[in-house]
Amino acid sequence: NHFWNNWQLMTTAMTAQGNDDLKDTTSTTGSYALRSDNTAKNGYYAMLAYHDKQRFYGLAPGVSESALQYGGGLGAEARQPGSDGDLTENAKSLRFASYGILPLGKNWQLAPSVIAQHSEDRYRDGDRYDWATFNLRVSQGITRNFALLYEASWQYMDLNPNGRTYRYDSGVHQYQAVSGDFYKLTFAPTFKVGDVLDIKARPEIRFFVTWMNWDKDLDRYAINDDFGSKGFTAGGNWNFGVQTEIWF
């Protein structure tokens, strides 16, 4: 892991001896998916990142960070390299992520982010998973420890599992090829012990209400998937809840 000024270059190699022996068994990641007959036992991963703690993409005072990630085999889970033992030995993944924080006066803050990923031969040779997501969060500080958060998200998915199977209700089923978008709007009054406009400050407790919707085609992806389950189908859904976070 190397740093030079605002640049970061990380390279990783990994091995998991015996992982390829767990063939035709249930997923190691906690899902009901069945593993392929060529799961990886080695992998590699690389990331090139740029961190700017002073400027919002060079345009104004703020923060911006961007990263380009590439991995193969066990390293094709770019978000957490080595965490997915179901990846095939031929799996490849390319991922781009970027976010920024732009202060707008004393009590307002704008935080956009984008993540996009292409992966192929991920769980079966010939499969393909493409998706991109955009998020915009606006924070309105009311006091030092209380803020109102307004958030909008949109994601497009084009998923082709190419024969990947899973167990459900004593049977074996195939994941379906689907494509479409998903979007949601969230309003969240938030309390923090630290500066409420510090996006990484914890502990935090927030009360939220979210409206979300997605293309009906996504309901077909899997029988046991959240999308398409009873009471959670395309057409618009409301969610209410409380979320707490403490980082150690």
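Before I turn to the structure, one term: a strand here is a DSSP run of E, at least two residues long, and strands are numbered from the N terminus. The model I am presenting is predicted.

Eleven strands form an open sheet, in the order 1-2-3-6-7-8-9-10-13-14-15, and their pairing is antiparallel. At the edges stand strand 1, residues 2-4, and strand 15, residues 237-245; each has a single partner strand, so one side of each is left without a neighbour in the sheet. On average, and with direction ignored, neighbouring strands of this sheet are turned by 15° against each other.

To give an example of the pairing, V209 has F240 in strand 15 as its bridge partner.

I now come to the largest pocket. How much space lies in it? The figure is about 1,200 Å³. The pocket is lined by 35 residues, and those closest to its centre are R79, A97, Y99, S113 and I115. Which element supplies the largest share of this lining? That is strand 8, residues 108-120, with five residues.

By residue class, the lining of the largest pocket comprises 13 nonpolar, 11 polar and 11 charged residues. As for domains, domain 1, which covers 1-22 and 44-98, contributes at least three residues to this lining, and domain 2, covering 124-247, also contributes at least three.

Methods. Residues numbered from 1 in each chain as written. Predicted model: local features only at pLDDT ≥ 70, side-chain atom pairs only at ≥ 80, totals over all residues. Heavy atoms only, no water. 1 Å grid on protein atoms, 1.4 Å probe; cavity = no way out; pocket = protein on both sides within 12 Å on 5 of 7 lines; lining within 4 Å. Points joined across faces, edges and corners; volume = space filled by probe spheres on them. Helix = DSSP H or I, 4+ residues; strand = E, 2+ residues; numbered from the N terminus. Nonpolar A, V, L, I, M, F, W, Y, C, P; charged D, E, K, R; others polar. Domains from an automatic or database assignment. Pairing = 2+ DSSP bridges. Axes fitted to C-alpha atoms, helices over the stretch in contact; angles between N-to-C directions.
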